[in-house]
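Subject: Structure for you to look at

Hi,

Here is the structure I promised to send over. Have a look around it first, then read on for what turned up.

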Amino acid sequence: MGKSGRKIKNHEIILCILVLAVIAAGLLLPETGNLVLLDEFCDVAVIWIVCIYVIVRVLRNRTALPFSGRAAGAAAVIVCIAVALWFSKDIGLDLAAGPQTATLTDIQLSKAQAHTGIFSHHYYLTGSDNNGVTLRAEITGEEYSRLPQGGTVTIEYYEHTRRIVKVY
């Protein structure tokens, strides 16, 4: 019997542990508060890690492939870069602009349940700001219980990721 030509390398195991740690950190971070962009960063970090892994694998094996394989590899690299940048744009714009303040009127609160898991309840706040723009953002269960349906609330939030920092 011959050995498999592909063994799992130590750096791949470390990479999997890193991805799982980033996912776990993202699950444990709060939905609102000062750390909301860190939670967004965890989501983007997983995408970046996977894209970088694919790019490194393609670049490492580029000389062993025929022209069509190299062309497909180049296309994969371009797609990975585009995907990573696309998912990073909102957090970058929010870091540059900082949090905004808005007063929402006629707020509506809603609750959704995911199909499985410990973190299965999601609570949302929807309302219109002074310019008539509707904003929908995730809030904590405590805020869901505290806020009045149909009332007015002032929030501090990040505009592009629609993550709430503080509910007044």
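This is a predicted model: local features need pLDDT of at least 70, side-chain atom pairs count only at pLDDT 80 or more; totals for chains, interfaces and linings use all residues.

Let's start with the helix itself. α2 runs over residues 36-60. It has 25 residues and reaches 36 Å from its first C-alpha to its last, close to the 36 Å expected at 1.5 Å a residue. Quite a few of the α2 residues are buried, among them Val36, Leu37, Cys42, Val46, Ile49 and Val58.

Now back to the question.

Next, the helix pairs. Two packed helices are described by the angle between their axes and the distance between the axes, so that's what I'll give you for each pair.

Take α1 and α2 first. Their axes are 8 Å apart and the helices pack at an angle of about 160°. An angle over 145° counts as roughly antiparallel, and α1 and α2 are therefore roughly antiparallel to each other. Their crossing is left-handed. If you want to find the contact on screen, the α1 side includes His11, Leu15, Val19, Val22 and Gly26, and the α2 side includes Asp39, Cys42, Val46, Tyr53 and Arg60. Sorted by class, the contact of α1 with α2 has eleven nonpolar, two polar and four charged residues.

By class, the contact of α2 with α3 has 19 nonpolar, two polar and two charged residues.

Between these two helices there's a loop, and asparagine 61 sits in it. Is asparagine 61 buried, exposed or partly exposed? Its relative accessible area is 34%, so asparagine 61 is partly exposed. For a sense of scale, pick serine 88: the C-alpha atoms of asparagine 61 and serine 88 are separated by 27 Å, and the two residues are 27 residues apart along the chain.

On to the strands. Tyrosine 157 lies in β4, and with a relative accessible area of 10% it is buried. Leaving out residues up to four places away in sequence, tyrosine 157 touches Pro99, Gln100, Ala102, Leu135, Arg163, Ile164 and Val165. Here's one to check with the distance tool: tyrosine 157 and glycine 33 are 124 residues apart in sequence, but 9.3 Å apart in space, C-alpha to C-alpha.

Which phi values are positive in a residue other than glycine? Aspartate 106 has a phi near 50°, and arginine 162 has a phi near 55°. Aspartate 106 lies in strand β1 (residues 100-113) and is exposed, with a relative accessible area of 51%. Arginine 162 is in the loop between β4 and β5 and is partly exposed, at 34%.

Happy exploring!

Definitions and conventions. Residues are numbered from 1 along each chain as its sequence is written. Side-chain values use heavy atoms; hydrogens and water are left out. Axes are lines fitted to C-alpha atoms, for helices over the stretch in contact, and angles run from 0 to 180 degrees between N-to-C directions. Helices (H or I, at least four residues) and strands (E, at least two) are DSSP runs, numbered from the N terminus. Ala, Val, Leu, Ile, Met, Phe, Trp, Tyr, Cys and Pro count as nonpolar, Asp, Glu, Lys and Arg as charged, and the others, Gly among them, as polar. The expected span of a helix is 1.5 Å times one less than its number of residues. Buried means under 20% relative accessible area, exposed over 50%, partly exposed in between (1.4 Å probe, protein chains only). Angles under 35 degrees count as roughly parallel, over 145 as roughly antiparallel, 65 to 115 as roughly perpendicular and the rest as oblique. A crossing is left-handed if the near helix is turned anticlockwise from the far one by less than a right angle, and right-handed if clockwise. Contact means heavy atoms within 4.5 Å.
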